[in-house]
Amino acid sequence: MLLQVNQINKSYGIRPILTNISLQILERERIGLVGANGAGKSTLLQIIAGLMSADSGDIFKSKETRVGYLSQNSGLQSGETMWNEMLTVFADLLQMERELRELERQMADPAVQASEKRYEDVLQKYSLLSERFRERRGYEIEARIRGVLHGMGFGSFAPETPIDTLSGGQKTRLALAKLLLEEPDLLVLDEPTNHLDIDTLTWLEGYLRGYPGGILVVSHDRYFLDALVTGIYEIERHVCKRYTGNYSRFVELKAAEYETDLKHYEKQQEEIGRMEDFVRRNIARATTTKRAQSRRKALERMDRLDKPAGDLKKASFRFEAGRASGKEVLHVKQLGVRFEGQSGALFRGTSFELRRGETVALIGPNGAGKSTLLKALIGQQPYNEGTLLWGTHVDVGYYDQEQQGLTPSNNVLEELWDAYPHLEEARIRTVLGNFLFSGEDVFKPVSALSGGEKARVSLAKLMLQEANLLILDEPTNHLDLISKEVLEAALLDYDGTLLFISHDRYFLNKMAERVLELSAGGVTSYLGNYEDYIEKKQELAELEAERNAAAAGKGSNGGKAGAGVNAGGSGGTSGGAGTGAGVGAGGAGALGTGGSGNAGIDKQQQREERSRQRKLEQVEAAIAVLEGELASLEAELLKPDVYNDYMAVQECQLEIDGKKEALAPLYEQWEALLV
């Protein structure tokens, strides 16, 4: 066991935040900590990290257990360069390396060589030290630093880049990179996916899945939690409960648990009603008084169940368009933006169209200019080239991820009333109540609101605008998991046009009907959601590999073989006689074998087969992980200290049942993929 938290309590004044919180983390466990904004998740992590004291309770961990903690937006503050700061992680290994160099110098010294005993001593020291250095991966220092920096999005940065020249988000990413290199026994991460683009998120997931220690992570990224964690602790109404499985499994278990508890409660209430009715009808009758008194005593002794609390109160809203726009909403032609003082354009040649009712996602790496493009569309950012052509009756509503449209000196009520002075106070208060601002909350200053609260105020203003085109820049940032689901439901019911930026892959997958990928050279359009986009990218990468292999084969054979791969499907080149393969609609071959129209079908079948193989490998890997965990749990049941403890057996058996339930659909998927 890496960590055990036992009966932690924490209050701010008279307001309780955490009540009797208990959790435990074993070696190599990946645990997600979830709960609504303000539930106390960050407070608990700070208590675990030793940065805050609890009012009562205990935290147990061995002296050898090293805990590494990353708080939200905790940018790395240092006057060093990026490379030198990363090297500080390996200070002891670098000292060992200096000692090895010194021993090598001594071995080359004629005076040392002249003394057989002294020379043997130096050789012995060198052998032991070099072995320790190798075991601790001292020879991999540079490769490890480069690998983590590249994965965290710093591959294009010069190693000598000063840290104090980086942005806040970049400093946070660098702090995470340094923590990963330190490899503590337990990683405690508070919203590590903030400020990460999709490529970096994907890399981080893979890295953490193979991490040698345990992980406790707070995240509102459902895709990230599903891909990484094997257990969930939820903090709700100040208390904590554990669920086995990833986030999706937790949602299923929690819903099933509520239904079961509700049925038990209702059944007991029916029984109580029958018993009370019997007592009322029979207590005064001489012949049935004893039976009635017996029932009354049974009622008094009964352990009455509390009614299940159900879900927490959610925000409730919907977006409506005041009027319909024309069918053609927006034409962007060859748009380009270049900032003053920059040698090149941030992006150029950007062309795309929006039609009424479409839901389109804009994605790309950090720094590609996604937010700048949205600001150019709404007139907040001038563009240097290209044109914007708006359709008829287009009313634009814009959501800014930085919340710059809010006035810090206003309170919440004033913020909405200033924007919509024609509305009555009762209407404003009703809207704010739907966004979870009730009573005195409406008088909170905007400057004192949390990120999630500011997001809800901005969404309330946007809802009242009744725009028929919503342009949203990272709308799920700062929202907890419950609020994200409410926002998704509202946008799915929206009958206007939607263009949004998001790094939340679950949100992208659920919302997007088309994906626009922005790069310096323009926009590439992909039909479908995020998973469709990923599959198409893999397919294009395979086609590129085939094209390169064919070109390499052609070069080595002196132009005897021709290969053509394009949308038109013309197979082969006009080069020498050889084989030609056509992939595309026409699929017509040029010369030799393989040039028939069937070649396009064959290639499509090959791609489908590769896709099936990839999915099969992913399912087999997931099965292997779960089967390994299941075997460990079953071995745990055989230990005397477990099978002699009824509660431990019950807990272990519950986990085993959970693993088996998770395995069942995977086995079915595996069998289907084998066909």
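**View 1. The largest cavity holds about 50 Å³ of space.** Here a cavity is a set of points, on a 1 Å grid over the protein atoms alone, where a 1.4 Å probe fits but cannot get out. Its volume is the space filled by probe spheres set on the points, with grid points joined across faces, edges and corners. By this rule there are three cavities of 30 Å³ or more. This is a predicted model, where local features need pLDDT of at least 70 and side-chain atom pairs count only at pLDDT 80 or more, while totals for chains, interfaces and linings use all residues. Residues are numbered from 1 along each chain as its sequence is written, and side-chain values use heavy atoms, with hydrogens and water left out.

**View 2. Who lines the largest cavity?** Lining residues have an atom within 4 Å of a point. For the largest cavity they are Leu70, Ser71, Thr172, Arg173, Leu176, Asp190, Glu191, Pro192, Asn194 and Leu196. Helix H7 (residues 168–182) gives the largest share, three residues. Helices (H or I, at least four residues) and strands (E, at least two) are DSSP runs, numbered from the N terminus. Sorted by class, the lining has four nonpolar, three polar and three charged residues. Ala, Val, Leu, Ile, Met, Phe, Trp, Tyr, Cys and Pro count as nonpolar, Asp, Glu, Lys and Arg as charged, and the others, Gly among them, as polar.

**View 3. Helix H6 (residues 141–154) packs with helix H8 (residues 198–209).** Their angle is about 140 degrees and their axes are 8 Å apart; axes are lines fitted to C-alpha atoms, for helices over the stretch in contact, and angles run from 0 to 180 degrees between N-to-C directions. So H6 and H8 are oblique to each other (under 35 degrees is roughly parallel, over 145 roughly antiparallel, 65 to 115 roughly perpendicular, and the rest oblique). Gly147, Val148, Gly151, Met152 and Gly153 of H6 meet Thr200, Trp203, Leu204 and Tyr207 of H8, where contact means heavy atoms within 4.5 Å. That makes five nonpolar, four polar and no charged residues.

**View 4. Thr359 sits in strand S12 (residues 359–363).** Thr359 counts as buried because its relative accessibility is 11%; buried means under 20% relative accessible area, exposed over 50%, partly exposed in between (1.4 Å probe, protein chains only). Leaving aside neighbours within four places in sequence, Thr359 is in contact with Leu498, Phe500, Met511, Ala512, Glu513 and Arg514.

**View 5. Glu453 belongs to helix H15 (residues 451–465).** At 16% relative accessibility, Glu453 is buried. Glu453 touches Phe437 and Lys444, not counting residues up to four places away in sequence.

Technical notes. On a 1 Å grid over the protein atoms alone, a cavity is a set of points where a 1.4 Å probe fits but cannot get out, and a pocket is an open set with protein on both sides within 12 Å along at least five of seven lines; lining residues have an atom within 4 Å of a point.
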